[in-house]
Amino acid sequence: MITTEQILKALSNVEEPDLGKDLVTLNMVKDIEIDGNKVTFTVVLTTPACPLKDLIRNACINAVHHLVSKDAEVHVNMTANVNSNRKDGKSLLPEVKNIIVVASGKGGVGKSTVAANLALALSEGGAKVGLMDADIYGPSVPIMFGVRGHRPMMVNVEGKGMIVPLEKHGIKLMSIGLLIDEKQAVVWRGPMASSALKQFITDVYWGELDYLVIDMPPGTGDIHLTLVQTVPVTGAVIVTTPQDVALADAKKGIAMFNGPQINVPIIGLVENMSYFTPAELPDNKYYIFGKDGGKRLAEDLEIPFLGQIPIVQSIREGGDEGVPAMLSGEDATKLAFMGFASTAARSIAMRNANVAPTKIVEVFV
C-alpha cells in the first residue's frame, strides 16, 4: 500500500532546478491524496511563469514510478505562489510581494515599452501585477495603455483617503499623467518630483500584488534615491540597446544599484532593439545598432541576461495606439516578451531564495 511518507521520500529526490534544493525541503509539495494506486498531489511553483513546469511534473512522476510503485497512477497539479523575502515592517505597500524597478542609464532605449510589456507578460502568466509610472517628467503609461484623459477615483481605507489605480488589461496603473492635463509640462524641482513619487507609494491603494513594476526615469537621480529610501526594492531590471553609447550608460545604472550605499540586486539585463525584422521578411534579422552588446555586457558583469527584444513596427504601433505588443497578437513579438518575462520571474525567484532581503536606504551621503 502506498503511503504519504513514501511519496514525500520519493519527491525529496526531485530538485527545483533554479533554487537547487529538492521540492520537499522547499515545502513545495501540498495536498497529497492516495486512493489505492492513484496518487494525486500539488506542486506549488515560485512563479506562474515558470518555463520548467513540464520538466518538474515529469520528474515527479518518474520519481514515484521508480521509487514507490511502477503501477502508480500519478496526477500532478501545478500551481504557483510567488515568493517574497521582504523582511521590513511592511508599513508601506504591505500586500506587495515584490517591488521591481525597470531602469536604464539613459533615455531612448525603450524602457517604458519594456516595463509595460513585462507587467502584461507576468500578468498573463497568472500573477497579480501593478505598473507604477515613476517617470514624472515624461510619463508614458497613459498613452501606452490607452487611458489618456482618464482620472483615478478615491476610496476611504481605514479612515484615510487613498487613490485607486486604474485597471486596464488586468494591470493596476498609476502615473502622474493620470493626474494632470497632458498638455501641461511638469516643471518641478527634484524635491517636488520626489514628493510625487512618495505619494504614489503612500497614498495609492495598490492592494495585493505579486509584482509592482516601476518604470523609472532615465539616469541616476533624485527619483531613484527617493525610491530606495522609501521601500525595499526587490531588484532592478536594466534596459539597454546593443550600441556602445547605450552600454556605457547601462553600466552606470548597474553601478548605482550595486553600490554599497544602495545595494539593490540586479535581476538582470534585457537588450531592447536588438535587431530589426520587417513584417514582410519575418525570418530576417538586421543588426542596426550592433550585435549582442547587451549580452556581452551581462557576461562581463556576471549578471543574468534576460533576453533580446527586436525592433518590430507593431511594437511602436501598439504603444502609440494603447495596445502594447503583448496584446497585439503578433506571435514573434509576444514570444520575445514572454521569454524575457519568464526569465525575469525565474531570476526574481532565485534572488528571493538566495539573497538577503533588500534594506531601505536610511542615509545617502
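D210 touches V82, K97, N98, A127 and K128, leaving aside residues up to four places away in sequence; contact here means heavy atoms within 4.5 Å. D210 sits in strand 12 (residues 209-215). Helices (H or I, at least four residues) and strands (E, at least two) are DSSP runs numbered from the N terminus. With a relative accessible area of 10%, D210 is buried. Buried means under 20% relative accessible area, exposed over 50%, and partly exposed in between (1.4 Å probe, protein chains only).

The model is predicted: local features need pLDDT of at least 70, side-chain atom pairs count only at pLDDT 80 or more, and totals for chains, interfaces and linings use all residues. Residues are numbered from 1 along each chain as its sequence is written, and side-chain values use heavy atoms, with hydrogens and water left out.

Helix 3 (residues 111-124) and helix 10 (residues 331-354) pack at an angle of about 75°. Their axes lie 9 Å apart. Axes are lines fitted to C-alpha atoms, for helices over the stretch in contact, and angles run from 0 to 180 degrees between N-to-C directions. Helix 3 is therefore roughly perpendicular to helix 10. Angles under 35 degrees count as roughly parallel, over 145 as roughly antiparallel, 65 to 115 as roughly perpendicular and the rest as oblique. From helix 3, T113, V114, N117, L118, A121, L122 and E124 take part; from helix 10, K334, F337, M338, F340, A341, A344 and A345. By class, this contact has 10 nonpolar, two polar and two charged residues. Ala, Val, Leu, Ile, Met, Phe, Trp, Tyr, Cys and Pro count as nonpolar, Asp, Glu, Lys and Arg as charged, and the others, Gly among them, as polar.

Helix 3 is mostly covered, with 13 of its 14 residues buried. Its end C-alpha atoms are 20 Å apart, in agreement with the 20 Å that 14 residues should span at 1.5 Å a residue. The expected span is 1.5 Å times one less than the number of residues. Just after helix 3, G126 takes a positive phi of about 115°.

Helix 7 (residues 244-258) has 15 residues. Its first and last C-alpha atoms are 21 Å apart, close to the 21 Å expected. Buried in helix 7 are A246, L247, D249, A250, G253, I254, M256 and F257. The cover over these residues includes strand 6 (96-103), helix 6, strand 13 (235-240), strand 14 (266-271) and helix 8 (293-301).

Positive phi also occurs in residues other than glycine. N27, in the loop between strand 2 (21-22) and strand 3 (29-35), has phi near 60°. K90 has a positive phi of about 55°. K90 lies in the loop between strand 5 (73-80) and strand 6 and is partly exposed, at 34% relative accessible area.

K9 lies in helix 1 (residues 4-11). At 63% relative accessibility, K9 is exposed. K9 and Y286 are 277 residues apart in sequence and 52 Å apart in space, C-alpha to C-alpha.
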